[in-house]
Amino acid sequence: MTATVVDGFTGELLRADDPDYEARREVWNLLHDRRPALIARCGSPADVAAALAYGRERGLPIAIRCGGHSLPGHSTVDGGLVIDLRPLNRIEVDPAERIVRVQGGALLGDVDREAQAYGLVVPVGVVSHTGVGGLTLGGGVGRLMRRFGLTIDSLLEAEVVLVDGRVVRASSERLPELFWGLRGGGGNFGVVSEFVFRAQPLTELVVLGCFQPLERARAVLALAERVMSDPATPRELLWTSFLRKPPPGAPFVPRGLGRRPGIMSLIEWSGEPGAGHALLARIRDQLDAPGASIDRVPYLRMQTLTDELLAPGTLRAYVKAGFTDRLTAALADVLGTRAQRIGSDMSVIELLAMGGAISDTPADATAFAHRDARWLINVPAQWRAPAETEREIGWCRETFDAIAPHLSGGAYSNFMEGDEGDAAATAYGALQERLAAIKDDYDPANVLRLNQNIRPAVRP
């Protein structure tokens, strides 16, 4: 069979008849079982440029893949071209300057391990096999965001392969408008082949964990609201609660709860351990949660806690999410009712406190449109058996519809399915017009459209 030739490409090309094709085409979410015509595994920015040119010349839909964690399956495509960045995974740490250079195909776990070798962190997400690229370009929500800001708030510079083949570097000084758009505007403007991040010193967290019966949800969420709305609450404190069935192996789940849904809370402290332990002890007493534990946990251990539970190639997933200004009693009651109907052991309703350092950055300083959000409510339905698909998607949609009256508008682009109607308006809000102007400059033909897409203003 005649081999595919891509001018200027020196990486690995895979078609359906190649031995590694089946493994390489898989993405994290098994709901998206797609078969690209060609997978281009890129080893350099020049490879990315060559692959983009090949796809453009042939009118192929183009997907960009790093970790393959795009929930709506944007990192793969039927009959098109997948530009796979995973071979571009080198990481360089400058401990003296606290700078970390990360190639565009690296995973969060790669960054965590390399930075922790010097006692440093880059504020990223919480599932270590997620790709750095998609996480960062969407904004970057994670366990350190209240202390250090979103991932984009640590981004100093980006090397970008544009759709016309040029390789540029964008920062606050060079191509500042492109740099603005990259920080929250998703993969709409180019393919990032390298990120340069500012790092911070941190090696461990103090963590309070507990699991309580669902009847306690209203009281737990009322306490969460009081604590996280208090201006005196330090930004080193992060509160996350999950309505879910007991997670397997969690040490703080009391006996006798069976497999019934309840409310699990992980309350994390990223500051000085002594002060954190004292604060978490006071919260533990107010939670009245038998079995609650407070532990000092290495940062790397926290970052890998869900790796096995959420392992690639094991789950199907569908997600809806939004923001709310307050965890009211009425919202808590709705959440409790919806939690009673959870089917899969893996489906959850997550409530994640925002604020702190996130809101230090002005609302228009980056393309992340939700700086003032106080709580992120994430409803990922996750299941294993194909026969559960209809039930789980239905539960997710019905849950989101039930909480919608309590939401403040908008959504975090990395927690969107893409079937929200006007996805760009939902993700980018009032920033959409400025983003469309950047799209006009860098991708007027909308080549990079497998994302929460920003349509060019001058060309549909």
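Predicted model: local features only at pLDDT ≥ 70, side-chain atom pairs only at ≥ 80, totals over all residues.
**Overall form**

The secondary structure of the protein comprises 13 helices and 18 strands. Its radius of gyration is 22 Å, close to the 23 Å that the globule rule gives for 460 residues, so the protein is as compact as a globular protein of that length. Along the principal axes, the C-alpha trace extends over about 65 × 50 × 40 Å. Of the 460 residues, 58% count as buried, and the accessible surface comes to about 18,100 Å², with 49% of that area belonging to carbon and sulfur atoms. Among the contacts in the protein with a separation of 6 or more, 73% are made by residues 24 or more positions apart.

**The cavity**

Rolling a probe the size of a water molecule over the atoms shows where empty space is left. In this model there is 1 cavity of 30 Å³ or more, and the volume of the largest cavity is about 30 Å³. Its lining is formed by Arg 24, Arg 25, Val 27, Pro 36, Ile 39, Arg 65, Ser 75, Thr 76 and Val 82. These lining residues divide into 4 nonpolar, 2 polar and 3 charged.

The table sets out the relative accessible area of each residue discussed below.

| Residue | Relative accessible area | Class |
|---|---|---|
| Gly 131 | 5% | buried |
| Leu 175 | 34% | partly exposed |
| Asn 446 | 6% | buried |

Gly 131 lies in the loop that runs between β7 (120-121) and α4 (132-137). With a relative accessible area of 5%, Gly 131 falls under the 20% limit and therefore counts as buried. When its neighbours within four places in sequence are left aside, Gly 131 is in contact with Cys 66, Gly 67, Ala 106, Leu 107 and Leu 108. Asp 440 stands 309 residues away from Gly 131 along the chain, and the C-alpha atoms of the two are separated by 27 Å.

Leu 175 belongs to the loop between β9 (167-171) and α6 (176-182), and its phi is near 50°, a positive value in a residue other than glycine. The relative accessible area of Leu 175 is 34%, which lies between the 20% and 50% limits, so this residue is partly exposed.

Asn 446 is found in the segment after α13 (432-442). Its phi, near 55°, is likewise a positive value in a residue other than glycine, while its relative accessible area of 6% places Asn 446 in the buried class.

Notes. Residues numbered from 1 in each chain as written. Heavy atoms only, no water. 1 Å grid on protein atoms, 1.4 Å probe; cavity = no way out; pocket = protein on both sides within 12 Å on 5 of 7 lines; lining within 4 Å. Points joined across faces, edges and corners; volume = space filled by probe spheres on them. Nonpolar A, V, L, I, M, F, W, Y, C, P; charged D, E, K, R; others polar. Helix = DSSP H or I, 4+ residues; strand = E, 2+ residues; numbered from the N terminus. Rg over C-alpha atoms; globule rule 2.2 N^0.38 Å. Buried < 20%, exposed > 50% of the residue type's maximum accessible area, 1.4 Å probe, protein only. Contact = heavy atoms within 4.5 Å. Areas by Shrake-Rupley, 256 points an atom, 1.4 Å probe, with all protein chains shown as cover.
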